Amino acid sequence: MSLAHATDTATIWLANGIPARMVWRGERWRVTDTPTEPEGFYWSTHLPPAVSWRFQGTNAAGDTHVFDVVQGPEGWSVARVYD
């Protein structure tokens, strides 16, 4: 599994407070697993003022990645992408 760092903005749709769909880099992604809080995502003793999720997403072409997304004051962004 390779890791890519990203700082792209994303639009996230929630269902019952949990990510269900995302648009990132002009593509629609459907959440295809159960989103979790990313383990080890924070490297300090204090959590930043943000909400974060890790989930698997699949696009219309069948490409699948695992995404770490963060919601901050400016909205949602994709922090990491795992192939």
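A: Let us begin with contact, which means heavy atoms within 4.5 Å. Leaving aside neighbours within four places in sequence, Glu-27 is in contact with Met-22 and Asn-59. This is a predicted model, in which local features need pLDDT of at least 70, side-chain atom pairs count only at pLDDT 80 or more, and totals for chains, interfaces and linings use all residues. Residues are numbered from 1 along each chain as its sequence is written, and side-chain values use heavy atoms, with hydrogens and water left out.

Q: Where in the secondary structure is Glu-27 placed?

A: Helices (H or I, at least four residues) and strands (E, at least two) are DSSP runs, numbered from the N terminus. Glu-27 belongs to strand E3, residues 27–31. The chain has zero helices and six strands.

Q: Is Glu-27 buried, partly exposed or exposed?

A: Buried means under 20% relative accessible area, exposed over 50%, and partly exposed in between (1.4 Å probe, protein chains only). With a relative accessible area of 36%, Glu-27 is partly exposed. Of the 83 residues of the chain, 35% count as buried.

Q: How many bridges pair strand E5 with E6?

A: Two strands pair if DSSP finds at least two bridges between them. Strand E5 (residues 64–72) and E6 pair in the antiparallel sense over seven bridges, and a hairpin of two residues joins E5 to E6. Gly-72 stands opposite Gly-75 in E6.

Q: Why is strand E6 described as largely enclosed by the rest of the structure?

A: Strand E6 covers residues 75–82, and six of its eight residues are buried, so the strand is largely enclosed.

Q: How many aromatic pairs does the structure hold?

A: Rings of Phe, Tyr and Trp (its six-membered ring) pair if their centres lie within 6.5 Å; planes under 30 degrees apart count as stacked, over 60 as edge-to-face and the rest as tilted. The structure holds four such pairs. In one of them, the rings of Trp-24 and Trp-29 have centres 6.2 Å apart and planes at 55°, so the pair is tilted. Trp-29 and Phe-67 form an edge-to-face pair, with 5.1 Å between centres and 70° between planes. Because Trp-29 lies in strand E3 and Phe-67 in strand E5, this pair ties together parts 38 residues apart in sequence. Trp-29 is buried at 3%, as is Phe-67 at 0% relative accessibility. Ring pairs link Trp-24, Trp-29, Phe-55 and Phe-67 into a cluster.
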